[in-house]
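Please open the model in your viewer and keep the sequence panel beside it. The stops below say what to select next and what is there.

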Amino acid sequence: MPTTNMMKEAIQALYPPRPTASRRRVRRSGSSSSYGGSFHENPLPQFRGPDATASTSIYAPSSSFGSSPSRRKAKSRFSELLLEHGEKDLHQDWAVCASSTLLSASSGNNGDNNSSCQMKQIEGRLRICSQSIVFEPRQPSRGIIRVPFRHMTVSPFIGGGNSNNSMDLNASGGGNLYGDAAFNNGTNSIGNSQQGMSAILRCERHVVLKANNVIGPFDYIQAPVEFKFLFSHSSPTSMISLSKRLFEMVASNQKSSVSFAPSVAFDTGAIIPLPSRDNNSRDAISEEILSPTMNRPFDTTNFLHVQEQPLTPNLQCSIKTPLLEQNGCAILTEYGFYFQSVVVSGIINNCAVNGIGPKSSKVAPGGKSHVWSLDDMRAIARRYDGMKDRGLEIYLAKQHSILLTFETAAVRERIIRILSQQISEIKSLPLPCFTDRSFVESALELWQAGELDNFEYLLCLNSAAGRSFHDLSRYPVFPWVLSRYGESNGGGFRDELLNAPMDFSDPNIFRDLSKPVGALSDERFEDFRKRYESMVQQQKGHASQHNQDAPFMYGTHYSAPGYVLFYLLRVMPEHMLCLQSGKFDVPDRLFHSIDATYRSILTNAADLKELIPEFYDDDCFDFLINSMGLQLGNLQTGQRVNDVILPPWAKSAKHYIRQNRAALESDYCTGRLPSWIDLIFGDKSRGSGAKDARNLFHPMSYIGPADLEAIRNPEDRVRAELQSTEFGIVPDQLFCREHPGKSENIGSWGGSDAPLLTRDRLRESYGVGDSTTFSAPAHMTPQQSRNGTGLSIDDTLAQHAGSNPFD
């Protein structure tokens, strides 16, 4: 059992991600120009800032033509968040000079006056993605242009020059923005035969993003345009070959695409749009393109120590952050956990018009590796990857956590066992696992002893129930605590007592924590009740019903990706644009006022959202402030949507959060918090207990990995997973009887009379790794299996005689 100090140190790692200093230094202005540094400027996906997932970075030597270590690289404005949801960047880009021509005088609604349709010799970078081609101008005031393959009228082709000439892209392509792309008026090492070769795209529609370097809604240009990209340092032949293949794949998928509309309508409002296209088709294209590189062995020259030995073979895995995923491979050593991003520079060199993929096993060097020291690891937790139970979150000291997903749950479990054993040997103490029964027991005991406050205890329960800051579908959920938010401005109602200091001994200022949000208003709940009874009557008339057609009270959930980004719009605007197809919601539906949001959850039948942890951590107050100067529009009253309007008793955003936290920690709230825990994590969160507590949601909110596997029809399975992840998932149940109060005797933890926790292991998957053994990947030679790029079980046991980490 971990010590109290070790537990508290691990719990500190659960706090919400802190904003970076660079973001807080942003000037307050009327424009929404991008601040100094992208949220995702590093190859490894980040959560909210460049240092959010701190690690030791190891860079391999660059092989880009013309690059110089001493030369200062320009920062790229590009991010995968600018792509369609599910689309992948193939990490290939070229220095080009772009021109564009309008193909028709009567060019549609907005082509004539748009600068993207009439470019003249604009320098920048051209990159290929799985669903589009993207051009990023060097000049920041010019918008990034994305041309989706599905909007191209013909397949990309070569114009000008000798299309039979090509060259090795290891010498001329790829690299950081402008690192290998200095234009030099044609005087470079490429022969004159390469001059004047251009890639030509013709489309009927394209997208302009970040025009004037502003984060805002995407500009969709409906006009026939020809784009011409002159390659100054290489031949476009191989790039065109891959583009043609992608164009054909997208066209083929469009013909066979399936629409996944819900079989039962949800109460969605307008802030959680259901994707109209099959995202799996995009994933399939990305997988086909990237699969040749996924088995690339880890480059052991990246090890930090000469005598460092791997404890595992090469592991395919991904690092996940909200809406983003970085594929790569990993390896665990005695020093730390290494991750190497996928490098796809070999794909384009070996691409052929009739197919894609390496023609040989040679892969170009390069890429970036990250390592997280075992010494810095404070805790771990099992996590989901969509609806698959195969993720692992590692919590680090003074850094934000990382969320990894593996090929199977069995691999994940073996990694947990090795990590636990290695860290136990280093620290002579077990590594806490937030999803283990023992952790929940310890957290409850510490809370009852006053060692944990309410905020920290709720963080513990969220983590134990599978919630993570990296997963918008399973973001930590916190309760509305106060009920008095009335405004003294903006036309809201006015109570003279609102300006008085908060009196936390007054029960009238608190929300009823024994009721779910949907039942806080009796008048509104009456409509939910009538609909539920109507569904029950309809079900009686049908002999066979699927579980997903079971009656429910609420068609929307209290936590979903759209709701999380509703609150975090001002700090994660690009995530909202990505989720909502490049646009913000209408101003009156944006998060513009605390009081208006609370009144909505009491009256709006499609609004049941609870809060997120940031409402109780004053280090995260910036989500209430429009520090980026985003142009969010005006309300119907004419009032501009800017900073969130606070209650009159709050002097500032930070003061509001501190008051909110004080309310959460008050004696009144502490005495009633177990009732809310029962609704979210306990015996009233599902089943008959949820029905009796008026807490019954759509059946797809309760689906788990085993339920998903039981669905035999692939289309139904995809539909079920989409509905669950988009519209909200009930947290894993932790308690099977009423949660004890702070002064109550815990009683039996697992006795047959009245067990408190749901099962000995909070998830059924915990034992799946017990019989799993690692072996070298099939593509590796025996020599590769012995030299650290991949290990068989026998190799590992030989190196660690007397200490078998796989037993």
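## Salt bridges

By the rule that a side-chain nitrogen of Lys or Arg lies within 4 Å of a carboxyl oxygen of Asp or Glu, the count comes to 30 salt bridges. The model is a predicted one, in which local features need pLDDT of at least 70 and side-chain atom pairs count only at pLDDT 80 or more, while totals for chains, interfaces and linings use all residues. Residues are numbered from 1 along each chain as its sequence is written, and side-chain values use heavy atoms, with hydrogens and water left out.

Select R138 and E123 to begin with: their side chains meet in a salt bridge with an N to O distance of 3.2 Å. R138 lies in the loop between β4 (132-137) and β5 (144-148) and E123 in strand β3 (residues 122-129), so the pair ties together parts that are 15 residues apart in sequence. Here helices (H or I, at least four residues) and strands (E, at least two) are DSSP runs, numbered from the N terminus. On the scale in which buried means under 20% relative accessible area, exposed over 50%, and partly exposed in between, computed with a 1.4 Å probe on protein chains only, R138 is partly exposed at 36%, and E123 counts as partly exposed at 29%.

Next select D436 and R382, whose side chains form a salt bridge at 3.0 Å, N to O. Since D436 lies in the loop between α6 (409-427) and α7 (437-448) and R382 in strand β13 (residues 377-385), the pair ties together parts that are 54 residues apart in sequence. D436 is partly exposed, with a relative accessibility of 24%, whereas R382 is buried, with a relative accessible area of 5%.

## A buried glutamate

Now move to E87, in the loop between β1 (56-59) and β2 (89-102). The side chain of E87 reaches the backbone nitrogen of Q131 at 2.9 Å, and a polar contact of 2.7 Å joins the side chains of E87 and S132. A polar contact is a pair of N or O atoms within 3.5 Å; within protein, one must be able to donate a hydrogen and the other to accept it, and residues adjacent in sequence count only if both atoms are side-chain atoms. If residues up to four places away in sequence are not counted, E87 touches E80, C129, S130, Q131 and S132, where contact means heavy atoms within 4.5 Å.

## Helix α9

Select residues 522-540, which form helix α9; its 19 residues reach 27 Å from the first C-alpha to the last, close to the 27 Å expected at 1.5 Å a residue, the expected span being 1.5 Å times one less than the number of residues. Colour R524, F525, F528, Y532 and M535, which are the buried residues of α9. Seen down the axis of α9, these buried residues fall within an arc of 95 degrees, so they line one face of the helix; the arc is that of the directions from the helix axis to the C-beta atoms. They pack against α12 (594-603) and α15 (687-692), while on the other side of α9, D522, E523, D527, Q537 and K540 are exposed. D522 also meets K515 in a side-chain salt bridge at 3.9 Å, N to O, and K515 counts as partly exposed at 24% relative accessibility.

Select N713, which caps the N-terminal end of α17, with a side-chain oxygen 2.8 Å from the backbone nitrogen of E715. The buried residues of α17 pack against β14 (388-396), α10 (561-567), α11 (573-579) and α16 (705-710). G728, whose phi is positive, near 115 degrees, follows α17.

Finish at F735, in the loop between α17 (714-727) and α18 (782-786). F735 is buried, with a relative accessible area of 0%, and its C-alpha atom is separated by 4.4 Å from that of L757, 22 residues apart along the chain. Among the residues in contact with F735, leaving aside neighbours within four places in sequence, are V440, Y457, L461, I677 and F681.
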